[in-house]
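Here is a short briefing for a first look at this structure. Please keep the sequence and the 3D view at hand while reading.

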Amino acid sequence: MTDIDTYRARAREWLTSVAGEFGKEARRGLSVEDDLALGRCYQRAKYEAGYAGINWPVEMGGQGLTHIEKVAFDTEEMPFGMPTAYFGISLGMPVPILQRFGGDKDFARERTIAALRGEEIWCQLFSEPAGGSDLAGLRLRAEQEGNGWKLNGQKLWTSWAQYCDYGVIVARTDPTVPKHKGLTYFWVDMKAPGVAVRPIKLAGGDSHVNEVFFDDVRLDDGHRMSPVGGGFAVAMATLMIERYVATDSAGFGPHLDLFIDLAKSVEINGKPAIKDGRIRSAIARNHAMRTALDAITARAMLMMQAGMEPGPEGSLNKLVSVRSRQRLSELAIDLQGPAALAYDEHALVKEDWAASWMNAPTGRIAGGADEMLLNTIAEKILGLPQDHRPDKAVPFNAIPA
Ligand SMILES: Cc1cc2nc3c(=O)[nH]c(=O)nc-3n(C[C@H](O)[C@H](O)[C@H](O)COP(=O)(O)OP(=O)(O)OC[C@H]3O[C@@H](n4cnc5c(N)ncnc54)[C@H](O)[C@@H]3O)c2cc1C
């Protein structure tokens, strides 16, 4: 057994010991507020057991281990269905960026420990109504006022903003220079006067994304996390913070075994669906895809263990797995017939085909839309030329709206 196998085995043992209290059965039927409260308790239990901030510095409340232990723990944790979603963005991007770019290190340490213990949550305020893929085209303004700044504008699709205490935000501070050069990066108190959060109801029934309005929100200059005009580089650092994260070859939807069970239990033309050639070929294709993605993940883990950086092939994971989950969910709904569409507001995306199908499109947009991932694959893996970017050198305020 390697050290990492031992680490994994211990993690699995701990996760099994708390699954009854925090896992998917304990969560079934809870309101979002109750589930969040349970999630905070789980996050605290993780912190106390040494499984929060696994690869973060000890002086920041972390465990000082490597990215490999973190990916190993996250992979073990996934099947238990623990209430982690509320903290994914917070601990994934804004909090580590605060540690790196926040000017006041004592403040960063206090916030990090509160976030690791599930007491505080951070959001990421990047996307806007005018666009999300083109981050440098954002319009929310930050104008200098005395020793500080005044924010005016709107963000959109901000995950969990309604429950957040703080956020990181990119704002336009100079519209007279090309779009990438006029941005500045700040942190913001989500409870400050002038911040208004309005949840958006998604097709699947949940409302975890929000519109966030900023109306003369005042920040002192200590909130600034980049040089004035240097916000794009910090935004890129935020998006690239972890080249490799734990992935789920089921695309965060139901496992293939559930589909096989379903195909055994229903009939097509008087015969079990599992005997139908089209169903068998869909199962085989899905199995091949998952095996290939698992192989990419295994290779990335081995590269990290050998001290190397995994390549951009990680961008294949989300693209392929979520698309494939959407197709499999659609086929499962066809097999189930009208019964599949009975709406269950507490259905789990990892177990319910209709919930999985309904929720899949958001997975194909959040964290980089399919087309943007295809661009990454074209440019970084296949070495094809970059997209035409005609507005790159034009002052932002001269780009036609
Ligand atoms: C569930 C969910 C959670 C989210 N959470 C957050 C969050 O917490 N914080 C945050 O800031 N944002 C968040 N987002 C926003 C997300 O990052 C954006 O939706 C995403 O980047 C796409 O931006 P857009 O919706 O503005 O679409 P657009 O950028 O307007 O794109 C529209 C379409 O055009 C395509 N397109 C755009 N540019 C190109 C190009 N150059 N080449 C080819 N095709 C292109 C896109 O792929 C897409 O199909 C979330 C979104 C979702 C769905």
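Angles between axes that are over 145 degrees count as roughly antiparallel. The model is predicted. The points cover strand pairing, then helix packing.

**Strand β3 and its partners**

- Strand β3 spans residues 148-156. Seven of its nine residues are buried, so the strand is mostly covered, where buried means under 20% relative accessible area.
- Strand β2, residues 141-145, pairs with β3 in the antiparallel sense. Five bridges join β2 and β3.
- In this pairing, E145 stands opposite G148 of β3.
- The hairpin of β2 and β3 has two residues between the strands. In that hairpin, G146 takes a positive phi near 60 degrees.
- β3 also pairs with strand β7, residues 209-220. This pairing is antiparallel too and runs over nine bridges.
- Here W149 stands opposite L219 in β7.

**Helices α6 and α7**

- Helix α6 covers residues 94-101, and helix α7 covers residues 105-116. Their axes come within 9 Å.
- The two axes cross at roughly 160 degrees. α6 and α7 are therefore roughly antiparallel to each other.
- The crossing of α6 past α7 is left-handed.
- From α6, the residues V95, L98, Q99 and R100 take part in the contact. They meet K105, F107, A108, R111, T112 and A115 in α7.
- By type, the residues of this contact are five nonpolar, two polar and three charged.

**Helices α9 and α10**

- Helix α9 runs over residues 256-265, and helix α10 over residues 277-305.
- The axes of α9 and α10 come within 11 Å and cross at roughly 170 degrees. That makes α9 roughly antiparallel to α10.
- L256, F259, I260 and A263 are the α9 residues in the contact. On the α10 side they meet I279, I283, N286, H287 and R290.
- The contact residues of α9 and α10 divide into six nonpolar, two polar and one charged.

How values were computed:
Residues are numbered from 1 along each chain as its sequence is written. This is a predicted model: local features need pLDDT of at least 70, side-chain atom pairs count only at pLDDT 80 or more; totals for chains, interfaces and linings use all residues. Side-chain values use heavy atoms; hydrogens and water are left out. Buried means under 20% relative accessible area, exposed over 50%, partly exposed in between (1.4 Å probe, protein chains only). Helices (H or I, at least four residues) and strands (E, at least two) are DSSP runs, numbered from the N terminus. Two strands pair if DSSP finds at least two bridges between them. Axes are lines fitted to C-alpha atoms, for helices over the stretch in contact, and angles run from 0 to 180 degrees between N-to-C directions. Angles under 35 degrees count as roughly parallel, over 145 as roughly antiparallel, 65 to 115 as roughly perpendicular and the rest as oblique. A crossing is left-handed if the near helix is turned anticlockwise from the far one by less than a right angle, and right-handed if clockwise. Contact means heavy atoms within 4.5 Å. Ala, Val, Leu, Ile, Met, Phe, Trp, Tyr, Cys and Pro count as nonpolar, Asp, Glu, Lys and Arg as charged, and the others, Gly among them, as polar.
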